[in-house]
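Visitor: I'd like to learn how to read a protein structure, starting with its rings. Could you walk me through it?

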Amino acid sequence: MVVLTTDPARPSPEVIKKAVEVLKNGGIVAAPTETVYGLFADAKNDEACKKIFKAKGRPVDNPLIVHVDSIEMAKALAEIPPRVEEVLDKVWPGPVTIVVKSKSVVSPFVTAGLPTVAIRSPAHPVTLAMIRAFGGPLAGPSANKAGRPSPTEASHVVEDLGKEVDLVIDAGPVFFGVESTIIDVTRDPPILLRPGPFTVEELEKYFGKVVVSPTARGVAGAETAIAPGMKYRHYSPDTPLFLIYFDLEEAVRYLKRHGLKVAVLCAVGVCASGDYVIDMGSDLYEVAKNLYKSLRELDKLNVDVGVVPALEERGVGLALMNRLRKASGHREVFNTSDFTKYGLGL
Ligand code: TXA
Ligand code: MG
């Protein structure tokens, strides 16, 4: 594995050239997008796409997002209805992934054999330059081991995928910190499959009504797939994490009384006095940016459990609560007696 660094705003032509060389040879390249770091391969090359699944340990029935540099490139891969194209013209490049009918141009490994394909155009100069120089669509999941929090810095990619990636482009931390919003526009009204930085409130300005299912909210038991990948373990630290819907200080007191060492992930001014405190930020966008880094940090603290406050499911809060429900393995706690449901001698 080689790590090359570049300025995120002005991608080094030599670094992009090297990345294209690796991609043309059927290799895999980790690079930042505005959401999280992605692991990219030639979307039309079966062998290259297979390498992505192998490196991540990803189940082959979980399809990948295809990254394009333009609506034109997307139209070569899928049937894009005119009303959707009009919206894309306004929101791309950006953190909006559309699920549309595939023209079966990309590798069947990318779509996991589905008749649809997920496509987005990333708003990051490095990835955009790479797609443009490569001259074709790139398959790209988040560059983490399957089940782990997505990488928001190059060091997270190295930590998870180390030797398995041919090239890592380090362009510093990402901008948003949670993965793109995914919307299935083959249905009317469209269905939100995964909430992200592009909020439902904004989507509805463009699409009218958008259906937000319990699956999209990350609610327990709702994983039975409206999106193929949603049934798998996601974003999880190894340390048990509790999602707290009541007074955080009271929750921490309860856990400490039971002899547990507690880390507190504070958000939007909600905090408590744990053995360790990680402040994720004072507004929802700052929390999004620090969330995955904080979940990785939690595993390095040697604590018994972590706690994190539930957030309001509005704006980017919907994406954060989806990730927190999954990261906590649905250990949602509404009062202290709920702790007894989850073992750990509570
Ligand atoms: O922000 C992002 O979207 C990042 C960056 C790298 O672009 N990528 C990302 O990819 O999060 P990944 O593979 O970690 O998540 C893609 C999700 C999976 O849950 C997968 O099941 C879903 O997209 N997906 C892919 N193709 C689909 C399809 N045809 N229909 C429904 N869901 C699909
Ligand atoms: Mg992922």
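Guide: Happy to. Rings of Phe, Tyr and Trp (its six-membered ring) pair if their centres lie within 6.5 Å; planes under 30 degrees apart count as stacked, over 60 as edge-to-face and the rest as tilted. This structure holds seven aromatic pairs. In one of them, the ring centres of Phe176 and Tyr285 are 6.5 Å apart and the planes stand at 45 degrees, so the pair counts as tilted.

Visitor: Which parts of the chain does that pair link?

Guide: Distant ones: Phe176 is in the loop between β9 (167-170) and β10 (181-184), Tyr285 is in helix α11 (residues 284-298), and they are 109 residues apart. Helices (H or I, at least four residues) and strands (E, at least two) are DSSP runs, numbered from the N terminus. Before we go on, a word on the source: this is a predicted model, where local features need pLDDT of at least 70 and side-chain atom pairs count only at pLDDT 80 or more, while totals for chains, interfaces and linings use all residues. Residues are numbered from 1 along each chain as its sequence is written, chains are lettered from A and ligands numbered from 1 in the order in which they are written, and side-chain values use heavy atoms, with hydrogens and water left out.

Visitor: Is Phe176 buried or exposed?

Guide: Buried means under 20% relative accessible area, exposed over 50%, partly exposed in between (1.4 Å probe, protein chains only). Phe176 has 17% relative accessibility, so it counts as buried. Tyr285, at 40%, counts as partly exposed.

Now try another pair: the rings of Phe242 and Tyr342 have centres 6.0 Å apart and planes at 55 degrees, so this pair is tilted. Phe242 sits in strand β13 (residues 241-244) and Tyr342 in the segment after β17 (332-333), 100 residues apart. Phe242 is buried with a relative accessible area of 0%, whereas Tyr342 is partly exposed at 23%. Ring pairs also link Phe242, Tyr254, Phe339 and Tyr342 into a cluster.

Visitor: How do I read a helix?

Guide: An α-helix has 3.6 residues a turn, so residues three or four places apart point the same way. In helix α6 (residues 125-134), the buried residues are Val126, Thr127, Leu128, Met130, Ile131 and Phe134. Just after α6, Gly135 takes a positive phi of about 85 degrees.

Visitor: How many helices and strands are there in the chain?

Guide: The chain has 12 helices and 17 strands. Of its 346 residues, 58% count as buried. Along its principal axes, the C-alpha trace spans about 60 × 45 × 35 Å. Among contacts between residues at least 6 apart in sequence, 68% join residues at least 24 apart.

Methods:
Contact means heavy atoms within 4.5 Å.
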